[in-house]
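Please open the model in your viewer and keep the selection tool at hand.

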Amino acid sequence: MTTLPTYRWRLAPDGYATRRQLRARGLRPGGQDVAAQLERPRRRRPPLVAYLYRVDLAKPVRPMTPARWAALAAANRARRTCPECRRDAGYVIPASLGTCATCAYPEPSDSPRSA
């Protein structure tokens with residue numbers, strides 16, 4: 001078993017990047033193994049660990065195809081559709097409610113104060 005080179009937080013050498021840093025540059029790890037790791041010490045807890053990949057071995061991010069765009073649109077549409085009234089709420093339905101605000105909090109139709 002080989003051990004990874006470990007660097008302190010913010011002290012990694014040039015040529016290494018995390019997944020998020022690669023993505024910000026329009027890159028992806030592309031199947032390469034983790035090359036190193038960062039450790040950020042914390043008090044009374046285990047350290048935070050971030051894995052690093054070599055930038056020179058990274059590949060460009062694959063472009064979105066029309067089928068992927070369609071699948072993403074369908075998934076977002078499903079998150080906006082109320083399961084009770086089957087209407088598009090125009091926003092993502094909160095998991096805490098499970099339905100749109102109109103179905104979760106219906107207006108009282110016969111108010112006793114209507115005089």
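Begin by selecting Y51, which belongs to strand 5 (residues 45-54); strands are DSSP runs of E with at least two residues, and helices are runs of H or I with at least four, numbered from the N terminus. The model is predicted, so local features need pLDDT of at least 70 and side-chain atom pairs count only at pLDDT 80 or more, while totals for chains, interfaces and linings use all residues. Residues are numbered from 1 along each chain as its sequence is written, and side-chain values use heavy atoms, without hydrogens and water.

Y51 counts as partly exposed because its relative accessibility is 46% (buried is under 20%, exposed over 50%, partly exposed in between, with a 1.4 Å probe and protein chains only).

Next, select T99, in the loop between helix 2 (66-80) and helix 3 (101-104). T99 is buried, because its relative accessibility is 11%. Display its surroundings: beyond neighbours within four places in sequence, T99 is in contact (heavy atoms within 4.5 Å) with C82, P83, E84, I93, P94 and A104. A polar atom of the T99 side chain lies 3.5 Å from the backbone nitrogen of A104.

From T99, move to its contact C82. C82 counts as buried because its relative accessibility is 0%. With a relative accessibility of 24%, C85 counts as partly exposed. The whole structure contains zero disulfides.

Definitions and conventions. A polar contact is a pair of N or O atoms within 3.5 Å; within protein, one must be able to donate a hydrogen and the other to accept it, and residues adjacent in sequence count only if both atoms are side-chain atoms. A disulfide is a pair of cysteine sulfur atoms within 2.5 Å.
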